[in-house]
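Please keep the structure open as you read.

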Amino acid sequence: MNVPFLDLAAMHAGLWPELDQIWHLASRSGSFIGGELVERFETLWASYCGTRHCVGVDNGTSAIELTLAALGIGRGDEVIVPTNTFIATAEAVVATGARPVFVDVDPTTLLMTAETVAAAISPRTAAVIAVHLYGQPVDMDAIHRVADPAGIVVIEDAAQAHGARWQGRRTGSLSKAGCFSFYPGKNLGAFGDAGAIVTDDAALAERVRVMSNHGRPRNAPHRHEPGGTNHRLDALQAGILAVKLKHLDAWNASRAQAARHYAAVLADLPLELVTIDPRAVSSHHLMVVLTEQRDELRRKLSMAGVATGIHYPIPCHCQPAFAAEKHPPLPTAERAAGRLLSLPMFPQLTEVQIDYVANALRLALDEAVPLRPSLASYRFERGQVPKQLPEIHPRQGSRQVLTGDSL
């Protein structure tokens, strides 16, 4: 059996009549940037997230960058970011001229905590970006208790948490603004890059909208305000997202069922599962386990036809992109980086496939002999990373639409 990490073809199988209709509607209207399809999706996504406003943009990184810039955050400011996140979170901070300050994560959830945030606050701290990683929300109540009294704005990076909830409220509605990516591999994915910002702040939404469209106010299209750039959402992508949004809750429920089955069949194996706070409802974007034998298990799983990913093998503060900065050790994230393994997860994943993955893991663990020192034993130094990370490719014939490391 071949088990892909993600099967987009299976997700789209029953949607083609509606998706084809969107293609014809967009092509015949001649409105490819903005227009009715974009406005409709913005309305639908704001309503789904429980916010008053939504602004569609070209990708999730732009969503974070535009939000920070629209809030006036830039050179001389610091933005607190968890080190266990995709590089785009910190990349967006750098693009504004601000400085990302990386913090460690909780050892069971691998998310930032109020304690790690509080320890990193300085007179220059302007914002905290709470990353709802793997689909599980950060404890936003605790983050606000630390940030709000200090006048620090809180922003959500919800790129992996479409439809997730904290204390009954959807991600994106838990802070000043929520930033989403609709990269094809996300729970709600476009047919290319796309993103959005949701907020209850009308003035912030309008500033983001103006900035993303070359600085042009809607009532004065020939005037260009400072800070303008081009980050507009394609109408075709907006139309596709509106079609797929109708299925998001059902897809997330299927992911949750898959996660429960994984937990049951992996219970007797020497693996740690990432913990989900009981106050949260995860979107189960990824199924992450931790093991000291990660690299060897990944190789053996690939030989068995099981595609996997790593999210993420190098903490942000150890990346060459941030080598010029002096960062304190962040031991929890550094140790986890060598132990993280993401197993197949998508709505159409069957119990038979999950059982096959579990059996492949069981056999691999019985036979596991470290192939070479794992990243778990690698000592991260500032700006230094292993010269060669494990390259794992699916067995010939495996149906893998996107590689597990590309999400």
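## Ground rules

Contact here means heavy atoms within 4.5 Å. Helices (H or I, at least four residues) and strands (E, at least two) are DSSP runs, numbered from the N terminus. This is a predicted model, in which local features need pLDDT of at least 70 and side-chain atom pairs count only at pLDDT 80 or more, while totals for chains, interfaces and linings use all residues. Residues are numbered from 1 along each chain as its sequence is written, and side-chain values use heavy atoms, with hydrogens and water left out.

## Helix 11 and its cover

Eight of the ten residues in helix 11 are buried (under 20% relative accessible area, 1.4 Å probe, protein chains only). Among them are Arg294, Asp295, Glu296 and Arg298. Their cover includes helix 12 (331-337), strand 13 (340-343) and helix 13. After helix 11 comes Gly305, with a positive phi near 90°.

## Meeting helix 13

The axes (lines fitted to C-alpha atoms over the stretch in contact, with angles from 0 to 180 degrees between N-to-C directions) of helix 11 (residues 294-303) and helix 13 (residues 351-367) come within 9 Å and cross at roughly 130°.

On the helix 11 side, Leu297, Lys300 and Leu301 make the contact, and their partners in helix 13 include Val357, Ala360 and Glu367.

## Elsewhere: Phe182

Phe182 touches Phe41, Trp45 and His162, among others, leaving aside residues up to four places away in sequence.

Technical notes. Buried means under 20% relative accessible area, exposed over 50%, partly exposed in between (1.4 Å probe, protein chains only).
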